[in-house]
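Welcome! Take a moment to look it over before moving on to the notes.

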Number of protein chains: 2
Amino acid sequence: MKPSIPKGTRDFGQEEMAARNYIFDTIRSVYRTYGYVQIETPAMENLSTLLGKYGDEGDKLLFRILNSGDAFSGVDFEECRNEDGSLNSNKVSMKVCEKGLRYDLTVPFARYVVQHQNEIAFPFRRFQIQPVWRADRPQKGRYREFYQCDADVIGSKSQLNELELVQIVDRVFTRFGINVAIKINNRKVLTGLAEIAGFPDKVTDITVAIDKLDKIGLEAVEAEMKERGLTDQAVAVIEPVLLLEGTTAEKIATMRGLMQGKSASGIVSETGLLGLDELDELFGFIEAAGVGQKVEMDLSLARGLNYYTGAIFEVKALDYAIGSICGGGRYDNLTGIFGLPGMSGVGISFGADRIYDVLKGLDKFPKDIAGSATVLFANMDAEALSYIIPLVKSLREAGVACEIYPDKSKLKKQFDYADRKGIPFVSINGGDEAVSGIVNLKNLSSGEQKTFARDDLEGMKAFFAAR
Amino acid sequence: MKPSIPKGTRDFGQEEMAARNYIFDTIRSVYRTYGYVQIETPAMENLSTLLGKYGDEGDKLLFRILNSGDAFSGVDFEECRNEDGSLNSNKVSMKVCEKGLRYDLTVPFARYVVQHQNEIAFPFRRFQIQPVWRADRPQKGRYREFYQCDADVIGSKSQLNELELVQIVDRVFTRFGINVAIKINNRKVLTGLAEIAGFPDKVTDITVAIDKLDKIGLEAVEAEMKERGLTDQAVAVIEPVLLLEGTTAEKIATMRGLMQGKSASGIVSETGLLGLDELDELFGFIEAAGVGQKVEMDLSLARGLNYYTGAIFEVKALDYAIGSICGGGRYDNLTGIFGLPGMSGVGISFGADRIYDVLKGLDKFPKDIAGSATVLFANMDAEALSYIIPLVKSLREAGVACEIYPDKSKLKKQFDYADRKGIPFVSINGGDEAVSGIVNLKNLSSGEQKTFARDDLEGMKAFFAAR
């Protein structure tokens with residue numbers, strides 16, 4: 001009989017909210033210093049906006065909202081049958097659902113840009129921190145409602161945008177105290193590699209194989225490429241990429257030679273060269289800017305292969321085993337699906353749930369974010385109450401979070417309450433204190449007690465701050 | 001072909017977001033100083049949690065979410081027909097929808113308290129700022145998705161809680177610079193009034209009539225009460241209430257006499273007396289605390305009559321014609337519907353959309369909340385860029401929101417961009433500035449220009465702050 005919430009969803013109580021607000025506030029404040037402005041879009045989008053944007057699998061994972069009112073009257077179920085006569089749920093749902101819950105923040109952003117294109121000053125830098133919903137099978141770390149924290153800039157092809165996103169990632173994780181590796185690749189280089197290997201349609205196969213180099217070694221990677229249909233000659237073209245060594249500049253120089261026709265195939269890839277130019281410029285910017293976290297070119301990185309067209313980013317925590325905690329890339333035609341072609345953009349997304357796990361696992365959450373009040377004023381009697389009500393009002397107006405225990409319960413009960421809520425100070429004042437115009441404060445963890453004149457707000461604040 | 005969003009929903013761009021964040025941040029920070037802690041609940045609740053909690057009309061306004069997967073296969077439509085054989089949409093929806101979007105924050109809060117009762121330290125003060133969804137017919141000022149900003153305390157019957165909610169309202173609107181009247185009534189007094197009139201089942205009729213006193217006058221109110229089925233004798237009992245004069249204490253004293261049997265009917269109302277005790281205590285607290293905004297007892301106030309059991313609050317703007325902008329009250333058995341009886345609570349809810357309209361209408365939004373960057377660095381050439389990238393990085397780390405225009409466009413285009421986005425300062429630096437190690441800053445609205453040494457971050461910040 002105890003009430004519950006839908007599977008894959010979560011309630012967030014005081015401590016989790018404080019921790020999550022710390023994560024969101026940090027990301028938000030860094031986005032702001034880079035001139036990104038916040039927008040919000042509705043939870044519900046028209047299904048026509050969402051369908052077909054995430055592949056067949058994504059369409060199945062959309063939460064659809066039943067039309068309000070008399071949704072089923074007049075529906076012709078005969079039009080909604082499979083060939084064997086059974087009811088086709090998808091066809092029925094198209095007749096009774098016009099809206100769905102947003103699946104990510106990228107498609108709503110593209111829709112927003114097209115819908116508001118005349119009000120927007122391009123290049124448009126926006127960030128958005130809102131929940132999204134997916135009807136995935138719930139499992140550890142995978143939820144049906146979760147927040148995304150996206151920043152995208154649209155309407156500029158400059159690699160300066162890529163640099164600034166790398167700087168944002170650097171700054172955010174440095175503020176979190178998390179050591180990360182920021183891995184960078186470029187989709188055009190992967191395309192070029194497939195081209196010079198003579199298998200332009202096998203970008204995914206080649207990338208998936210290369211990605212295993214660290215785990216399975218050179219020979220196994222080459223064997224896998226052959227299994228995936230590459231010829232010996234194609235593998236010979238790719239081998240020098242697997243053996244790349246040196247600085248990023250040296251690696252780019254070697255790759256440039258291969259793309260210029262110096263590989264075993266002799267094929268030139270203009271796309272690959274363009275990708276190398278982009279990487280070269282970006283790493284030049286990164287060197288000029290001085291990025292504190294580890295940044296590395298990783299030619300096996302293949303995140304969002306069907307989606308990105310230029311830079312690809314992925315961030316991993318160095319001291320905690322968990323998947324990617326941030327990622328993104330450049331896409332050349334995000335708004336084309338809504339009728340506005342030729343807008344290039346680049347964006348990143350922080351994974352708040354995983355960052356929460358890393359901060360918790362590494363014990364990196366600041367100690368002072370608990371979200372509870374700073375001091376509990378005990379409730380003694382009517383006389384004391386009329387003494388502390390104006391005092392507490394002044395403290396609150398000075399920014400101190402105070403609670404007055406609302407009921408005249410036993411002091412032990414009031415203390416237990418402070419303890420359970422993590423309120424670090426208590427104040428017990430009765431008639432004597434009222435007459436003398438003083439205030440007693442006690443630090444619950446150290447046991448230290450101090451008495452202040454009623455008007456000495458600054459003294460009290462200093463006592464609170466020194467805990 | 002231009003994409004759109006579902007009717008009754010909204011996109012929030014840069015300026016609206018900045019204004020809304022100002023509203024939410026202000027309310028949140030005041031809630032915090034009173035020891036209220038933030039929680040969040042899922043957008044989707046089980047329909048069993050939501051249905052039957054908002055009346056028949058509310059059930060119809062719930063957005064229902066189609067079960068994911070093969071929702072319609074196996075549904076026996078024959079079980080879902082009306083008597084005339086037509087399909088009953090509600091019955092079908094009960095078979096294909098298990099979840100709905102939250103309709104308010106109160107029922108999810110009650111569900112939360114019951115579900116997490118063993119983790120919660122009572123009295124539990126929580127606030128919650130999240131969107132809710134209602135399938136209402138959209139019209140001016142009424143949306144299908146809107147934010148609620150609720151604070152409730154549950155597990156304490158003390159009128160101190162009512163005081164603190166009044167103080168929160170006082171503080172929030174004072175910080176907004178909005179003059180308001182905070183109207184207070186008590187449901188038990190209304191019950192008592194109906195009891196001493198001899199019509200205990202006519203609380204609503206009596207209250208609705210009294211509410212019109214200011215508009216239509218004494219005689220018309222008395223006529224309306226008779227139309228609504230009250231006898232001449234009952235009206236004679238109520239007349240002294242309509243003629244109440246004096247201070248709040250004097251009014252309470254007069255009312256107490258009536259409830260004690262000194263009315264024309266001679267009936268005593270224990271419930272009414274209890275309500276007067278509560279009002280008396282609350283107004284005593286309010287006097288001790290010193291509330292800056294106007295606070296008045298209003299015996300005609302009848303907000304949420306079927307819901308509240310004690311104090312009732314309503315807040316109106318004094319200088320702007322719009323409905324109630326905040327309201328609330330005490331309920332004695334909110335969690336009883338989920339199997340946890342005997343928990344008394346009291347809460348308030350700020351109407352963010354109306355507060356937005358009032359702040360906009362009275363031009364009370366602060367000027368510095370725009371949300372755009374403070375300064376745009378023009379993009380001149382590669383040399384200048386490598387000069388400003390580290391400089392801008394330092395400014396950002398010092399908390400200054402900066403943009404570098406990402407493309408080497410004409411300066412006019414870059415200036416227009418700053419203008420359209422409301423960026424107040426621009427900085428143009430080329431090779432000469434790089435060689436001299438200086439930074440030019442220009443205030444776009446005053447035209448004032450100043451030059452700083454590259455490392456003089458404090459000087460630049462002072463120039464930005466002085467605009």
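**A pair of helices in chain A**

In this predicted model, Leu213(A), Leu218(A), Val221(A), Glu222(A), Met225(A) and Lys226(A) of H9(A) make contact with Asp232(A), Val235(A), Ile238(A), Glu239(A) and Leu242(A) of H10(A). Sorted by kind, the residues of this contact between H9(A) and H10(A) comprise 7 nonpolar, no polar and 4 charged.

**How the helices pack**

- Two packed helices are described by the angle between their axes and the distance between the axes.
- Here, helix H9 (residues 213-227) and helix H10 (residues 232-242) of chain A pack at an angle of about 160°, and their axes lie 8 Å apart.
- Because angles over 145 degrees count as roughly antiparallel, H9(A) is roughly antiparallel to H10(A).
- The crossing in which H9(A) passes H10(A) is right-handed.

**The sheet in chain A**

- In chain A, 5 strands make up an open sheet with mixed pairing, in the order E13-E12-E14-E15-E16.
- At its edges are strand E13 (402-404) and strand E16 (449-453) of chain A, each of which pairs on one side only.
- From one strand to the next, the twist averages 25°.
- Inside this sheet, strand E14 (residues 425-427) and strand E15 (residues 438-443) of chain A run antiparallel and are joined by 2 bridges.
- Across this pairing, Val426(A) stands opposite Lys442(A) in E15(A).

**The sheet in chain B**

- Chain B has an open sheet of 5 strands in the order E13-E12-E14-E15-E16, and its pairing is mixed.
- Strand E13 (402-404) and strand E16 (449-453) of chain B each have a single partner strand, so one side of each is left without a neighbour in the sheet.
- Neighbouring strands of this sheet are turned against each other by 25° on average, with direction ignored.
- Strand E15 (residues 438-443) of chain B runs antiparallel to E16(B), and 5 bridges join them.
- Where these strands face each other, Ile438(B) is opposite Ala453(B) in E16(B).

**How the two copies relate**

- Chain B is superposed on chain A by a rotation of 180° with 0.0 Å of shift along its axis, at an RMSD of 0.1 Å.
- The two copies are therefore related as by a two-fold rotation axis.
- Which C-alpha of chain B is nearest the axis? That of Ile65(B), which is 2.3 Å from the axis.
- The copies meet through the same surface, because 100% of the interface residues of chain B are also interface residues in chain A.

Definitions and conventions
Residues numbered from 1 in each chain as written. Chains lettered and ligands numbered in written order. Predicted model: local features only at pLDDT ≥ 70, side-chain atom pairs only at ≥ 80, totals over all residues. Heavy atoms only, no water. Pairing = 2+ DSSP bridges. Helix = DSSP H or I, 4+ residues; strand = E, 2+ residues; numbered from the N terminus. Axes fitted to C-alpha atoms, helices over the stretch in contact; angles between N-to-C directions. Parallel < 35°, antiparallel > 145°, perpendicular 65-115°, else oblique. Left-handed = near helix turned anticlockwise from the far one by under 90°. Contact = heavy atoms within 4.5 Å. Nonpolar A, V, L, I, M, F, W, Y, C, P; charged D, E, K, R; others polar. Least-squares fit on C-alpha atoms with pLDDT ≥ 70 in both.
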